[in-house]
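Trainee: Could we go through this structure together, slowly?
Mentor: Gladly, have a look at it and then ask away.

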Amino acid sequence: MYRTDNEKTMDRSELYWTAPKLLRLPEAPWGTPKGDVYSFAILMRELIHHQDHGPFGDCRDAPDEIISRIRDPIASVPLRPSLSEEKGNEKTVVLVRARWDESPEKRPMFPSIRKILREATQSHVSILDSTVSELEVYTSHLEEVVEEQKLMAEKKKVDKLLSTILPNFIGEQLIAGRAVEPEHFEFVTIFFSDVVGFTKLCSLSSPLQVVKLLNDLYRLFDHVIETDDVYKVETIGDAYMVASGLPTRNGTQHVDEITMSLHFLSATIHFQIGHMPQEKLKLWIGLHTVLLFVGPVVGGVVGITMPRYCLFGDAVNMCHTECEFVTDKRDGPRWRSCCGLPG
């Protein structure tokens, strides 16, 4: 858990017990093992001095100035509460100063603190001993919470990565060990694009240049479809395939959503091939809207190792054919759409 700006208290004096390193962070965690040792040192000092006005009650500076001096990493003498050796025995005073050391690595941990306190107080049952025991339990629990938060953060990363490969609900089924059954979709519009003259372009480019070209182009296309209700099915070589109406059905909205193809054309007008800036990139685009008499599209997961969500059906084949069908040599991007009728 982290302390954000909105959660910071208006009373800055409540931060007197926070370790300097945590005060320097824009979003500091509520506690760390080493930070807890620092806080315990401030509490110990209060037990020794019996003050009612906080650890800096004898300091005339305003709370903001005190916090600024505590967090200052280049101060020759870091600001700490006053500590009189007359108030406590020598071992206890030395221990308190060690626990609020500027360097977290130099602060003793609670097992050694308990041992020193027992030797200093000559008592196995004391307020200090009891406090240390409670803080040890708290520190152990905090470490467990931190580990759990790390695991949750890693899980979110994995889930996010999986969602870029497979639809969310399919990824959840696979993680749960359930089989994913193929599904029919009756109302879908499919988009398919190819780069004009891609084979010739590859012959004039190195493999690394081809990879960079496709990566730049597909990142541009990915950005175009971010706000549309479409699903990026796959990219194979220079082919980029998108569908609307699956895997989440959207009624007849799929026809309107696929108008993002016009945005593709606009985006490619300004696209520049890195190693061939003088060349103008052109696209073949095929569109096909599924009608009941053409037959539904079937979507399903294929494979176990690196599984893929694939589409099958006459509509998919027709869309690809539409993309290849345009064979005239006129300049500029070309596109052709089909609504299920042949020719």
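**Aromatic rings and cysteines**

Mentor: Tyr240 is buried, with a relative accessible area of 0%, where buried means under 20%, exposed over 50% and partly exposed in between, using a 1.4 Å probe and protein chains only. This is a predicted model, in which local features need pLDDT of at least 70 and side-chain atom pairs count only at pLDDT 80 or more, while totals for chains, interfaces and linings use all residues. Residues are numbered from 1 along each chain as its sequence is written, and side-chain values use heavy atoms, leaving out hydrogens and water.

Trainee: How many aromatic pairs does the structure hold?
Mentor: There are seven aromatic pairs, counted when ring centres of Phe, Tyr or Trp (its six-membered ring) lie within 6.5 Å, with planes under 30 degrees apart called stacked, over 60 edge-to-face and the rest tilted. Tyr218 and Tyr240 have ring centres 5.3 Å apart and planes at 40°, so this pair is tilted.

Trainee: And how are Phe221 and Tyr240 arranged?
Mentor: They form an edge-to-face pair, 5.1 Å centre to centre with 80° between the planes, and Phe221 is buried as well, at 0% relative accessibility.

Trainee: Which residues form one aromatic cluster?
Mentor: The cluster is formed by Phe191, Tyr218, Phe221, Tyr240 and Phe264.

Trainee: Switching topic, how many disulfides are there?
Mentor: A search of the whole structure gives zero disulfides, a disulfide being a pair of cysteine sulfur atoms within 2.5 Å.

Trainee: Is Cys310 buried or exposed?
Mentor: Cys310 is buried, at a relative accessible area of 12%, whereas Cys202 is partly exposed, at 25%.
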